Amino acid sequence: MQRVSDYDNNDWAAFFVEQRHALTRYAIALTGNVADAHDLLQDVMVRLVRRANTPRDAKPYVMRCLRNAAIDLRRGRAADAAPKIAPVFLDESGADLRIRETVATVQAALAALPDRQREVIVLKLYCEMTFEQIARMLAEPLGTITSRYARGLSELRGLLKDEVRHAS
Amino acid sequence: MQAENLESMLESLPTRSLGRDRERELLRAILDARSSAAWWRRGVPLWQTAAACLIAACLSAALVRGFVVRSVVEGEKLASHVATIAQPVAAPLHVHVDAPLLRSHAAHYRTDIRHWGSLASITPKGD
């Protein structure tokens, strides 16, 4: 599989095609719905294309741009404030009742976590980012990110005991 | 309960997507933005930039060289022309003097001034 760093310097389109699912999930989490996520993604990607070539490791950079743009949309927040991450990127409209229930339970459990823990879990599990990329994106030490993730998972484990038992 | 179980359970849940139409629209917007971006921001490959610079340098050198050659030739022509017109005077140069120095002389006469030199300074005797 082609890595982002293997792209030509100007290949934003190829980057988008490869990373569209991760970008979409994060954008939906940031905005709360698909239509706003689409607008946010379009705004950020078009600005990036006009402004610069793809950086060496583009994903943390683009995710950070998305995050900052979402914060800018919510006026009144400090620039370094954690954005609101809503676990609405999970699809609860499936036909399978059991899956729908699980999704609703997981959404509720994720919503119960502190913002920063939820963000790291979403970035790691649903945006396919490594801990190093998340640390670069959030400009925080790697240890902080991994411990935040571990604490978040630990809390989720308590909240989702039954779901995990069923799954295993 | 293993963390891997929890992680794999979370990862296995269905997620929402933009849909094909929205994704295509986004891709089109990215490509349009790229084609309308300023050329110096499009990431011109290094070899193309180097080739363009080399061509510009060659053209500049050729133009400067042509200008210098033209200047030298014109300068030589001008120098030879000046040499031609600045020949020493060979024929007697006569001056017509109207005021008679002495009453006995004619009212006017001609004198050759080719060999006239500058007058030595006159100093009073005994100094």
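Colleague: How many salt bridges does the rule find across the interface of chain B and chain A?

Modeller: A salt bridge is a side-chain nitrogen of Lys or Arg within 4 Å of a carboxyl oxygen of Asp or Glu, and across the interface of chain B and chain A the rule finds 1. In this predicted model, local features need pLDDT of at least 70 and side-chain atom pairs count only at pLDDT 80 or more, whereas totals for chains, interfaces and linings use all residues. Residues are numbered from 1 along each chain as its sequence is written, and side-chain values use heavy atoms, without hydrogens and water.

Colleague: Which side chains meet in that salt bridge?

Modeller: Those of Arg20(A) and Glu23(B) do, at 3.0 Å from N to O. On the side of chain B that touches chain A, α1 (3-11) and α2 (20-36) of chain B each supply at least two residues, and α2(B) gives the most, with 11 residues; helices here are DSSP runs (H or I, at least four residues), numbered from the N terminus. The residues on this side of chain B comprise 15 nonpolar, 5 polar and 9 charged, where Ala, Val, Leu, Ile, Met, Phe, Trp, Tyr, Cys and Pro count as nonpolar, Asp, Glu, Lys and Arg as charged, and the others, Gly among them, as polar.

Colleague: What area is buried between chain B and chain A?

Modeller: The size of an interface is often given as the accessible area lost when the parts come together. Here the buried area (accessible area, 1.4 Å probe, lost by two parts on being put together, summed over both) is about 3400 Å², of which carbon and sulfur atoms give 71%. The contact (heavy atoms within 4.5 Å) takes 29 residues from chain B and 41 residues from chain A.

Conventions
Chains are lettered from A and ligands numbered from 1 in the order in which they are written.
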